[in-house]
Amino acid sequence: MTPIRWLLSLVFIVQMYLAMALIAVAFAPWALVSRHGARVACKTFCRWTIFSLRLLTGLKSEVRGTPPTGECIIAAKHQSFLDIILIFNAVPAAKFIMKRELMYTPFLGQYALRIGCVPVDRGKRGAAIARMKSDVAKGTAEPGQLIIYPQGTRVAPGDVKPYKVGTGLLYDQLGQPCHPVAANVGLFWPKRGILRKPGTAVVEFLEPISPGLRVAEFMRRLEAEVEDNSNRLMQEAGFKA
């Protein structure tokens, strides 16, 4: 890669975080009084990031399949910050199960809480699931699309990490359809590092898994669908494990 690509990638990263701060401050009055305002701010940031990423680095993005619009679980492959941006931008009312320490990230943490994200302590996801189930039963949970990353962390292309049963427990207890999502974004926007490579980063919404399966059966199906289709997308982009 030429030095200019490294420089443009660095420029992209710097301006992305500056844009995050500017958008967060500009939308703060609306976000404080309206959850919708907070969502509009987050989507504005996502769209600017997608646009500036293509402009500065040549990295295009594509969303395939049919993003859900009703209440559901989205269980996605997680390779970098880019899959978060693309999935959030594709659905109307996304919220995440996120690590509690992210609450203290400037701007990001405050807006995440405002749109209904659920912070959890490491190793205590079961407590968050129980609280969410109680909220749904009471009718107090904010409706939307709950995004969870079944492997619990970013996983670089070619790496293998287990799928955690918390996603299956959430699926079982909430009784909502689950939409698996495959991705190849880690090939272009890596888990770590500055360089953003040109190409087409893809997230793909797969056919939903209806509620009612046993947890073990659901987990086998979810892992097979996400992994097989993520490998397909990466192979299309030229990746060889």
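**Packing and burial in the predicted model**

At a relative accessibility of 26%, Pro190 is classed as partly exposed. The structure described here is a predicted model. Pro190 lies in the loop that joins strands S6 and S7. Leaving aside neighbours within four places in sequence, the contacts of Pro190 are with Gln79, Ser80, Leu195 and Arg196. A separation of 8.7 Å is found between the C-alpha atoms of Pro190 and Pro157, which are 33 residues apart along the chain.

Not counting residues up to four places away in sequence, Trp189 touches Phe12, Met16, Thr49, Leu53, Gln79, Ser80, Phe81, Leu82, Ile85 and Arg196. Trp189 also belongs to the largest nonpolar core, which holds 45 residues, and is listed there with Ile74, Leu82, Ile87 and Tyr111 as touching the most other members. Two or more residues of this core come from each of helix H1 (3-33), helix H2, strand S2 (72-76), helix H3, strand S3 (94-99), helix H4 (108-114), strand S6 (178-183) and strand S7 (199-205). The most is given by H1, with eight residues. A second core of 18 residues is separate and includes Val120, Leu170, Tyr171 and Ile209. In soluble globular proteins, nonpolar side chains tend to be buried together.

Two packed helices are described by the angle between their axes and the distance between the axes. For H1 and H2, the axes lie 9 Å apart and the packing angle is about 165 degrees. Angles over 145 degrees count as roughly antiparallel, and H1 and H2 are therefore roughly antiparallel to each other. Their crossing is right-handed. By class, the contact of H1 with H2 comprises 18 nonpolar, eight polar and two charged residues.

Helix H2 (residues 35-57) also packs against helix H3 (residues 81-90), where the axes come within 9 Å and cross at roughly 125 degrees. The helices H2 and H3 are therefore oblique to each other, and their crossing is left-handed. On the H2 side, the contact is made by Arg39, Cys42, Lys43, Phe45, Cys46, Arg47, Thr49, Ile50 and Leu53. The residues in the contact of H2 with H3 are 11 nonpolar, two polar and three charged.

Within H2, Ala38 was considered individually. Ala38 has a relative accessible area of 0% and is therefore buried. Residues up to four places away in sequence aside, Ala38 touches Ala31, Tyr111, Arg114 and Ile115. Between the C-alpha atoms of Ala38 and Gln151, which are 113 residues apart along the chain, the separation is 28 Å.

The crossing of H6 past H7 is right-handed. In this contact, Thr167, Gly168, Leu169, Tyr171 and Asp172 of H6 meet Val215, Phe218, Met219 and Leu222 of H7. Six of the residues in the contact of H6 with H7 are nonpolar, two are polar and one is charged.

Helix H6 (residues 166-174) has Gly166, Thr167, Gly168, Leu170, Tyr171 and Leu174 as its buried residues. Of these, Leu170 and Tyr171 are among the members of the second core, and Thr167, Gly168 and Tyr171 take part in the contact with H7. Just after H6, a positive phi of about 65 degrees is adopted by Gly175.

A further loop residue, His78, is placed between S2 and H3. With a relative accessible area of 10%, His78 is buried. Not counting residues up to four places away in sequence, His78 is in contact with Asp83, Ile84, Tyr149, Thr153, Arg154 and Val155. The C-alpha atoms of His78 and Asn184 are separated by 9.2 Å, although these residues are 106 residues apart along the chain.

Terms used
Residues are numbered from 1 along each chain as its sequence is written. This is a predicted model: local features need pLDDT of at least 70, side-chain atom pairs count only at pLDDT 80 or more; totals for chains, interfaces and linings use all residues. Side-chain values use heavy atoms; hydrogens and water are left out. Axes are lines fitted to C-alpha atoms, for helices over the stretch in contact, and angles run from 0 to 180 degrees between N-to-C directions. Helices (H or I, at least four residues) and strands (E, at least two) are DSSP runs, numbered from the N terminus. Angles under 35 degrees count as roughly parallel, over 145 as roughly antiparallel, 65 to 115 as roughly perpendicular and the rest as oblique. A crossing is left-handed if the near helix is turned anticlockwise from the far one by less than a right angle, and right-handed if clockwise. Contact means heavy atoms within 4.5 Å. Ala, Val, Leu, Ile, Met, Phe, Trp, Tyr, Cys and Pro count as nonpolar, Asp, Glu, Lys and Arg as charged, and the others, Gly among them, as polar. A nonpolar core is a set of buried Ala, Val, Leu, Ile, Met, Phe, Trp, Tyr and Cys residues joined through side-chain atoms within 4.5 Å. Buried means under 20% relative accessible area, exposed over 50%, partly exposed in between (1.4 Å probe, protein chains only).
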